[in-house]
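Biologist: Hi, I've just opened this one and I'm new to it. Can you walk me through it?

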Amino acid sequence: MTFDKSILESNEVSINLKLFKFIRFFHLFDPNIKKICNLNVYHLAWYIINCVIGCIVIYGLLGYFTEKEDILNIVNQIQLMFCGLLYYSSLLKIIIFLYKANSIWDLLRVSHMNFLTSSQCKTHIGILHTHRNQSIKITNFISGFGIVIALEWIMFPLLLQLLQKEDVNKLNQRFENIFNFPFPVTINYYNNNYVIFYIMESFIAMYMLYIYVVVDVFFISVCYVMIAHYEMIKRAYENVNTELVSENNNKNKNYCNDCIYDLVSIMKDQQKHFAKLKLFYSTYKFIILSTVTINSGSIIILTYASVVIFTSSESIPILSVMKLISAFGYMFVVLFFLCYLMERINNKIESVHLGMYSCNWTAMNLRSRKMLLISMQLNNANKLMIKITPKKIINLQLYNSVIITCYNVLSAMLNTRSE
């Protein structure tokens, strides 16, 4: 069965369908979308957008290679560094999404409420509904949080310009912008054409916002589906024909046949689900690794920058500081959910094995026990973990290590400054 968005209703899928339709997520992957020169029109549009945004970024950074009349303060330098990390991360993510479009479209099949077809799994469909509700709440929160932060970054320069316009003119400085790219123009030309440069940087901000929201909410949605399915499979193994154990001995033959049938159907669901998990990891692995690396690095950099800013003798606008703090918070939230959900998936895979042991296997005949043993061997063979290093998997321990590193940086910097 293929994924068909045209017939979907919100109660038929376990993802935040309203949000995905609102951000026009499906159009990036739908093979039935109109094509130009055998190329999806949305893909073509994104190739053009990538080129335009790339040109703006390159033009904005050319100022580093020319003489400037003004000097960027520490906050502006941090904003530029932060913007650079987010831009290249966004570019990487959208390229992977476009390149893996067919795989992602196939992966969306796992979001159907009837993806697991065995009767034992279907009896625990309530688990999927519970996780679906959690997923919708979290994805709405993440997308809303991202939009608020983007609006904050976009609107604060205008507010700051109104408050400091005369001071800036007297000091012969450029007007405050979103990221303060050092465009290779004079201060006078920049201030006289501020609207143009502001629109350029607004495009960059909206570009990064959209990509981050799309990638993050899709990742969270699929993770919750995977977690729910593994929980359903675990419960299915635990309750394999338990209702038949108490029946009379003359029905043992029917019991054994039903038991084998249930085990086979659950195994089929488990293997089908594992295939989607494997596809999910192969599609998202590089995105996950880059997100963990960039978010961890950004959090540590922003921790260092916070100390420098608050101990600096320069006059730092409070609005600029608030921009960095909000970005700091978003990085923390996304990194936490990434590590938390990856750990939960790993734990749920292990719990399936426990569910097999918990079933009433003592009442089974030899053939059923062999079938259960095969299921255990398959579960042991089908273990996938994404690792940041050969020995370090992505889990909450990794998140804790980032927090500890931030604390060590903060403590070391404060001690050095106080001496």
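Biologist: Where is Arg-24 found?

Modeller: Arg-24 sits in the loop between helix H1 (17–22) and strand S1 (35–36). Keep in mind as we go that this is a predicted model.

Biologist: What is phi of Arg-24 near?

Modeller: Phi there is near 55°, a positive value in a residue other than glycine.

Biologist: And is Arg-24 buried, partly exposed or exposed?

Modeller: Arg-24 is partly exposed, because its relative accessible area is 42%, and that falls between the 20% and 50% cut-offs.

Biologist: Let me step back. How many helices and strands does the chain have?

Modeller: There are 12 helices and two strands. Reading along the sequence, you get α-β-β-α-α-α-α-α-α-α-α-α-α-α.

Biologist: What share of the residues count as buried?

Modeller: Of the chain's 419 residues, 53% count as buried.

Biologist: And the contacts, what share of them join residues at least 24 apart?

Modeller: If you take contacts between residues at least 6 apart in sequence, 81% of them join residues at least 24 apart.

Biologist: OK, what about the core? How many residues are in the largest nonpolar one?

Modeller: That core has 113 residues, and the ones with the most contacts inside it are Phe-25, Phe-97, Phe-218, Phe-219 and Phe-280. Helix H8 brings the largest share of this core, 28 residues.

Biologist: Pick one of those. What is Phe-280 in contact with?

Modeller: Leaving out neighbours within four places in sequence, Phe-280 is in contact with Leu-107, Phe-219, Val-222, Cys-223 and Met-226.

Biologist: You mentioned Asp-216. How far apart are Ser-143 and Asp-216 in space?

Modeller: They are 8.4 Å apart, C-alpha to C-alpha, and 73 residues apart in sequence. Ser-143 lies in helix H6.

Biologist: Why does Ser-143 count as buried?

Modeller: Ser-143 counts as buried because its relative accessibility is 7%, and the cut-off for buried is under 20%.

Biologist: What does Ser-143 touch, and what does its side chain reach?

Modeller: Not counting residues up to four places away in sequence, Ser-143 touches Leu-19, Val-213 and Val-217. Its side chain reaches the backbone oxygen of Thr-139 at 2.9 Å.

Biologist: One more spot. Where is Asn-177 found?

Modeller: Asn-177 is in the loop between H6 and helix H7 (187–192). At 0% relative accessibility, Asn-177 counts as buried.

Biologist: Which side chain does the side chain of Asn-177 make a polar contact with?

Modeller: The partner is the side chain of Tyr-190, at 2.8 Å. Leaving aside neighbours within four places in sequence, Asn-177 is in contact with several residues, including Pro-157, Tyr-194, Phe-197 and Lys-323.

Biologist: Which loop is the place of Asn-180?

Modeller: Asn-180 is in the loop between H6 and H7. Asn-180 has a positive phi of about 60° although it is not a glycine.

Biologist: And is Asn-180 buried or exposed?

Modeller: Asn-180 counts as buried, at 7% relative accessibility.

Methods: Residues are numbered from 1 along each chain as its sequence is written. This is a predicted model: local features need pLDDT of at least 70, side-chain atom pairs count only at pLDDT 80 or more; totals for chains, interfaces and linings use all residues. Side-chain values use heavy atoms; hydrogens and water are left out. A nonpolar core is a set of buried Ala, Val, Leu, Ile, Met, Phe, Trp, Tyr and Cys residues joined through side-chain atoms within 4.5 Å. Buried means under 20% relative accessible area, exposed over 50%, partly exposed in between (1.4 Å probe, protein chains only). Helices (H or I, at least four residues) and strands (E, at least two) are DSSP runs, numbered from the N terminus. Contact means heavy atoms within 4.5 Å. A polar contact is a pair of N or O atoms within 3.5 Å; within protein, one must be able to donate a hydrogen and the other to accept it, and residues adjacent in sequence count only if both atoms are side-chain atoms.
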